[in-house]
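Here are my notes for you to read alongside the model. Keep the structure open and look up each residue as you reach it.

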Amino acid sequence: VLLTAAHFLSGMRRLAGPGPDRKGLEVVTEKAISELLGRQDVEKIPQRIPNRMVWKLGKTWRTDRGKWFSIDELGDDVDHRVLNVLRKTRADSARLLRTIFRIVLGKYRSLPEAFMTFDINGSRELSFKEFEDGMKGLMSDAQDVPSCLRQPDWVQKVYLILGGGGGCLTLHDFSIRLCGIGRGPIRKLRDRLLLKHHSITRAWEALATPEAGSKNSFVGEEDFVNEYLALLKGKPASLSSTSAALNLVDPEDEKQDAFLTWQARALFHMMDAGLGNANGQIDLDEFKLLMADVSPPCCLEEFRINLLLNHGSWTAAFQAVQKSGSSAKTLYGTLVRCAGTLDIRISDLQMIFERVCPSAMRGEVSVQDFMEQLQSQGKGFSLAEFSIRLWLGKPEGMSLDEVLARNPIDAARRLRLDEFSAELFGLGPGVSKLKSEQRKILPAFPRLKEAEVAQLYDALRLQHHGKVSLQSLRQSAVTSNVSDILATNKVSYSPGETAYIHYRVPRDRVGQLLEKPFIAMVSTEMKWVAGGGGGWMLRGKPITEVGSVMAVLPNKREGVVCVPLPLSEAFFERQEFRLFASPNGTRVGAQIGGGVSFEVAPPEAGQPVIDETTHNSMRLTWAPPELEVDKIKVSHYTLSVRPLEAAFEVSTKQSDKFSLLTKWDHDKQALRHVCSFRLDGLRPGLSYRTTVVPHFVRKDQGTTIEGPPSNPSEALELPKCIPPGPPSEPRIKSANRQEVELEIDIAEDGCGEILSGFQVYRMLARENMSGTTKRLRKQSTGATDFFLLPDYEKSQEKAGLVAVEIAYVKMAARGRSARILVRSLPTDGKVWRFLITAKNSAGEGALSAPSSPWQAPTPLAPPSAPGRPRILRVYPASVEISWTPPEDGCSRIAAYRVKARRLHDARSLTVDTIWLSQDAKEDP
């Protein structure tokens, strides 16, 4: 828990990455962020911190072990201090990145040009090797390079900062981070364009100048700069709080005007080189590519549906994609070039590729491999996609309900998977070739594969409590996003989202469309009134023209249109997309076919991410909806959990398992809250997927309304067993030169399994177990930026640890403690600590806390000379003497040899050996 700015800075010194001087660049790991910003064990906070709140929270922690504390519980004063520290550290990082920016522009005309030079294989992204080679070559020619850019690992840290630890570095991340713009201005530009023109295409048409003798149009640099200044300095088109949140710039501020001009030129050069053909002007594809970089998030399920709606089949979709990106060398590069057309962020494309082909490099995935995973493996298949494919394959003019109703099999009969596949989709052995049987097959297009049918069967089984029949399929497939002639990609949209609408007009109704038919968004209350010659009425008012949220049909038979929803605050209102005949593209004529209803909803919650699992529980985190209005707020969430057996729902309302954590958002370069919830009581070995549904409260009415569900989390199978927890801190019971005996208390073993063994590590006593060492603590907190880098943290987790040989293990009678004897220890004189992990069939568990220090003996040496002997007593035949013992040479002295001779007679010599122990005498 972060308590004071001083504590924050001291924590950053402990947890930041290494740097050789006071100007070092530091990378903070996910574990460090979590500990400092909301998930730190307050009992382990150093007691020397003079803050009574530490003592108070520590006391609460000891009485309630299951609770985590967030920043919000500590008051607004702490938040203010945190933000002040963050502002300073972000400014330090910005200065360092500007130094790199200056060096890059000293050699190249623009950042995109440098990126294209580094991108040797043309994959549209930089691997670490490409980035390292390019940057080191650049720095070798540069002058006045600061010392922080001469570190051995500075390239890796800058690469992580620019890309956020999310894989390869894209052009937009490279350019946006180095020039210091960020995605905020781009997102603001997109919102202003949608407010003014209601769609990206219309905004382009208003900006662009047609090229003489060509259908293409372009925008020059000065035109773009002028439009950028006008949009960000002018009065917004709407006075809603959404647009008011887009901070206006003071028109009289000349410094701000110069800064916006610089921003506009940097964005222009980024767009100009976006497709690799910088020519001093931008075209529609380059413009859309940058706007897509701040589009709403898109998952694999939505990506599949958008491809099918836009192109009608997988083959046509990938042929069009390859044609659009014909100059790219790989499928991934092709899709990146088409990201603007698909209105999808490149980061979402990266996640889609990782999900479809997790074991392959993106640049190595071919079209055949990608289609194989989409079709034969059925990755990302959903019930909504089945409805679209059934709509694409149905006869013209029929509704889905009519298509399913004409199937002759008993609708209520329970179907097994083999019957479901054979009778409804014609798959599997023993499928009849008779026409009467073939008529039962549902006309889905493209035809479903076996893996997709199996996923459809499982989804129906979850929704209908284990019973799968034609009736249950009919209830799930006939959704509100399809009608007889229209199909849309979603059933609810947030303001600013783009709706994809596929239309297919029957031949006998084409003549009714008139000259310029269009699809428009209208209220469900808009009705046709037959009286007085007929006309459209909405709440008692005649309607002759619709608003600007419409799209003219490109042809009268079949096609796709994109309709972006305007930015507004009209949440939870039912709207419809309808196809109207029109003589001029604006006047409302007769409605053709049925409409598709949808709801204007607030933004959905982020996709849940499973970040912690045990054999019977998991923890989910998700981003809350980004609300820019004051009329509604989130009251609680409902988690819909879908295992392979029976689905169930869990509410976060008044639950002690729900909490808010604070993490760094690399995309927005700011702290953000994420929601966290732990699901307990799950069954080991089962797969689970979870969807988060926010519940909103209207402040003016006080009513609670269910919001749109999030994209489902990735399916995760819980392990049947997990590695054991960390043992207690090892206690040194005995030690000698070669062996040390340690005692530990054994933690949870992971699933009731018998432990298979232990592993002991040693580490230098100056190291701690946060993943960094005291050597790193002494580094500066110079230019620090906060990024979530789990891979970087994982690579540092056991740095500096050395495995130790175990002689034997003695378990206590009840098995809750053990004594471990380790040997073959070093004799280097250094101070070491011991750490222990337990093992079972699931693997090696977590590390224990380090033991108390143990100093290794120095290398062996002969004993030094004893002190001068003194005669104590004289006897007739003997004498008693004493002496001061010598230095033992790092080994216990076994014996002394005493020599005596007569005076003036060197030849007379008496030797006597004195053994200090019987063991030493037996083994000299």
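**Notes on the predicted model**

1. Let's begin with the inventory. The protein chain has 29 helices and 39 strands; these are DSSP runs numbered from the N terminus, with helices (H or I) of at least four residues and strands (E) of at least two. Before you go on, note that this is a predicted model, in which local features need pLDDT of at least 70, side-chain atom pairs count only at pLDDT 80 or more, and totals for chains, interfaces and linings use all residues. Residues are numbered from 1 along each chain as its sequence is written, and side-chain values use heavy atoms, with hydrogens and water left out.

2. Next, the chain as a whole. Of its 924 residues, 49% count as buried. Buried means under 20% relative accessible area, exposed means over 50%, and partly exposed is in between (1.4 Å probe, protein chains only). The chain exposes about 44,800 Å², and carbon and sulfur atoms supply 51% of that area. Accessible areas come from the Shrake-Rupley method with a 1.4 Å probe, and for residues only the protein chains shown count as cover. Among contacts between residues at least 6 apart in sequence, 68% join residues at least 24 apart; a contact means heavy atoms within 4.5 Å.

3. Which residues touch the most other members of the largest nonpolar core? This core has 62 residues, and the answer is Phe303, Phe370, Phe386, Phe420, Phe425, Leu456 and Leu473. A nonpolar core is a set of buried Ala, Val, Leu, Ile, Met, Phe, Trp, Tyr and Cys residues joined through side-chain atoms within 4.5 Å.

4. Now look at a buried residue in a strand. Ser676 is found in strand S23 (residues 670–679) and counts as buried, at 4% relative accessibility. Setting aside neighbours within four places in sequence, Ser676 is in contact with Arg619, Leu620, Thr621, Trp622, Lys657, Phe658, Ser659 and Leu661.

5. Some backbone details are worth checking. A cis peptide bond joins Phe445 and Pro446, with omega of about -5°, and Pro446 lies in the loop between helix H24 (435–438) and helix H25 (450–463). Arg539 has a positive phi of about 55° although it is not a glycine. You will find Arg539 in the loop between strand S12 (535–538) and strand S13 (541–543), exposed with a relative accessible area of 57%. Gln654 is not a glycine either, yet has a positive phi of about 55°. Gln654 lies in the loop between strand S21 (648–651) and strand S22 (658–665) and is exposed, at 82% relative accessible area.

6. How many salt bridges are there? The count comes to 33, where a salt bridge is a side-chain nitrogen of Lys or Arg within 4 Å of a carboxyl oxygen of Asp or Glu. One of them joins Arg265 and Glu221, whose closest N and O atoms are 3.0 Å apart. Arg265 lies in helix H13 (residues 254–272) and Glu221 in helix H11 (residues 221–233), so this pair ties together parts that are 44 residues apart in sequence.

7. Compare that with two other pairs. Glu301 forms a salt bridge with Arg689, the closest N and O atoms being 3.2 Å apart. Because Glu301 is in helix H15 (residues 300–311) and Arg689 is in strand S24 (residues 687–698), the pair ties together parts that are 388 residues apart in sequence. Glu301 is buried at 8% relative accessibility, whereas Arg689 is partly exposed at 25%. The side chains of Glu452 and Arg389 also meet in a salt bridge (3.0 Å, N to O), and both residues are buried.

8. Finally, there is a network to trace for yourself. Salt bridges link Arg731, Lys733, Glu741, Glu743, Asp745 and Arg819.
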